[in-house]
Amino acid sequence: MSQKLLIRGGHVVSMDSDLGELPGADVLVVDGRIAAVGPDLTAAGAADTAGAEVIDAAGTVVVPGFIDTHRHTYQALVRALLPSCTLGEFMGTIFNSVAPAFTPDFMCLGNHLGALDALDSGITTMVDWSPSETPDHADGAIEGLRRSGIRAMYAHGMPAGGQWWYRSELNHPADARRIRAEHFASDDQLLTMALALRQPGNVVDAVATHDWNLSRELDVRVSVHTAMRSGGATGSPVRELHRLGLLGDNTTYIHCTTTSAEEIAMIADSGGSVSIAPYVELVMGHGLPQITAMLAAGVAPTLSIDTVTTSPGDMFTQMRAALALGRAEALPADPEGAFAPTLTHHDVLRLATIDGAAACGLAARTGSLTPGKAADIVLIRADTIRTLPLRDAVGTVVSCADRADVDTVIVGGVVRKRAGRLVGVDLDRLRAEAVAAHDTILATAGLPPSPVDEAKGSA
Ligand SMILES: [Zn+2]
């Protein structure tokens, strides 16, 4: 017998260009997929809703789950480690101290915690950009994602040591082949695979060629940090990839704050996609995100959290940062000149949903409330002190709501958050494990005690 879920009477923002917005509409889910979207699906002849479990969506805005196109998920265990740092300080601390202190079990726990953080805030799909010191670390990271129930693209990366990151002559670890065969034999599952590769400059030409060829051999996407203000490897990596004949529609370029107009056009021509992390890029100084220029070139600057060492783990922060920044890009140099920005809240909700899905090659599966797609659905309360009264549903989501308003989160038809609480998660146990792991990681890494512990000690 099929499993049915009827989400009744919400204000549906489908992000599907044909369906648009439907006030007071229903969404019918059958066996994990969206079967129908429309007003009163229980009416005679509308849809077969017999036997459906009903979720009352009155007073909520119903949106597709958000898509985070780049996150170092495991770093949830060192949340708020570097709230105000530069990119150099971040890389030094993570590469030299934090990453080597992670055991395979900590990778599992960090990914579990980080993925639950994402789910709680309405993110139903994430790209986990995951370094792996050993094959066991990779297995741990994948297990952590699996436990959470999130839809994720696991992007398999290399160890953190400097020999991997400065004009490296080391090819991407061959363990990627085992991981593809062992964990991702099918592409038709909640977890799919990508390669987390290094840009030219971080690696020599022969390694870049090897690594992109490996992505083609394994038939997986590529996610690569690209062109930011970063000592020694700023350069023009997109032009270098073009020279090597490696640009392709399977690649997502992260940050791109220093990418030239010529290179943005190369990304557009090749069908590649872009992920920006506006909050982190501003705080750490990667450079200014290029929102307007990318949109004008036909490349959607999809949104990402990057790391909770520095950024909150939710998409609301990123949407608001992108909207403010994208509009500020239109400020004329002349203070008397007219201000005529073009970016709107509708644009940034697209970046956070359907454009993000497309950037991950998942547009046929998620990113909009389209019949036939997976039921990745979020209900956001529009009747709380922060969100009422409801008058512009997209504005409510982008400019008013936060994770406390995320009432219900559904991934592939499975309810992961209901009435504001994560479902089936032993939070007490997770809390205890995470705090213990955090303390061990800090001690192993030789980092100073946390400011909170220091304050306790001197009290
Ligand atoms: Zn990153």
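Which residues are buried in α4? In this predicted model, the buried residues of α4 are A176, I179 and H183. Seen down the helix axis, these residues fall within an arc of 65 degrees, so they line one face of α4. The face turned away from that buried side carries R177 and A181, which are exposed. The buried residues of α4 pack against α3 (135-148), β8, β9 and α5.

**Helix α5**

Helix α5 covers residues 205-218, and its 14 residues should span 20 Å at 1.5 Å a residue; the C-alpha atoms at its ends are 20 Å apart, which agrees. Its buried residues are V207, A208, D211, W212, L214 and S215. They cover an arc of only 145 degrees around the axis, which puts them on the same side of α5. On the face turned away from this buried side, A206, R216 and E217 are exposed. The buried residues of α5 pack against α4 (175-183), β9 (191-197), β10 (221-226) and α6 (237-243). Just after α5, D219 takes a positive phi of about 55 degrees.

**Domains and their contact**

The domain assignment of the chain gives two parts: domain 1 (4-64 + 369-422) and domain 2 (66-359). Their C-alpha centres lie 29 Å apart. Where the two domains meet, 22 residues of domain 1 are in contact with 23 residues of domain 2. On the side of domain 1 that touches domain 2, the elements giving two or more residues are β5 (60-64), β14 (377-381), α13 (393-400), β15 (406-411) and β16 (414-418). The element that gives the most to this side is α13, with five residues. By type, the residues on this side of domain 1 divide into 14 nonpolar, three polar and five charged.

**The largest nonpolar core**

The largest nonpolar core has 132 residues, of which V27, V62 and M319 touch the most other members. Helix α2 (residues 104-120) gives the most to this core, with nine residues. Both domain 1 (4-64 + 369-422) and domain 2 (66-359) are represented, since the core draws at least three residues from each.

What is V62 in contact with, leaving aside its neighbours within four places in sequence? The residues in contact with V62 are I7, G10, H11, V12, V13, V27, A57, I377 and L379. One of them, V27, is itself named with V62 among the core members that touch the most others.

**A buried strand residue**

T252 has its place in strand β11 (residues 251-255). Is T252 buried or exposed? There are 26 other C-beta atoms within 10 Å of T252, so this residue is buried. Not counting residues up to four places away in sequence, T252 touches T69, R221, V222, S223, G272, S273, V274, S275 and A359. D407, by contrast, is 155 residues from T252 in sequence and 31 Å from T252 in space, C-alpha to C-alpha.

| Residue | Phi |
|---|---|
| R167 | near 45 degrees |
| D306 | near 75 degrees |

R167 is found in the loop between β8 (151-156) and α4. With 13 other C-beta atoms within 10 Å, R167 is partly exposed. D306 belongs to the loop between β13 (301-303) and α10 (315-328). D306 has 30 C-beta neighbours inside 10 Å and therefore counts as buried.

A further backbone feature concerns a peptide bond. The bond that joins L388 and P389 is cis, with omega about -5 degrees. P389 is found in the loop between β14 and α13. Both of these flanking elements are among those that give two or more residues to the side of domain 1 that touches domain 2.

Notes: Residues are numbered from 1 along each chain as its sequence is written. This is a predicted model: local features need pLDDT of at least 70, side-chain atom pairs count only at pLDDT 80 or more; totals for chains, interfaces and linings use all residues. Helices (H or I, at least four residues) and strands (E, at least two) are DSSP runs, numbered from the N terminus. The expected span of a helix is 1.5 Å times one less than its number of residues. A residue is buried if 20 or more other C-beta atoms lie within 10 Å of its own, exposed if 12 or fewer, and partly exposed in between; C-beta atoms are placed from the backbone. The arc is that of the directions from the helix axis to the C-beta atoms. Two residues are in contact if their C-beta atoms, placed from the backbone, lie within 7 Å. Domain bounds come from an automatic or database domain assignment. Ala, Val, Leu, Ile, Met, Phe, Trp, Tyr, Cys and Pro count as nonpolar, Asp, Glu, Lys and Arg as charged, and the others, Gly among them, as polar. A nonpolar core is a set of buried Ala, Val, Leu, Ile, Met, Phe, Trp, Tyr and Cys residues joined through C-beta atoms within 7 Å.
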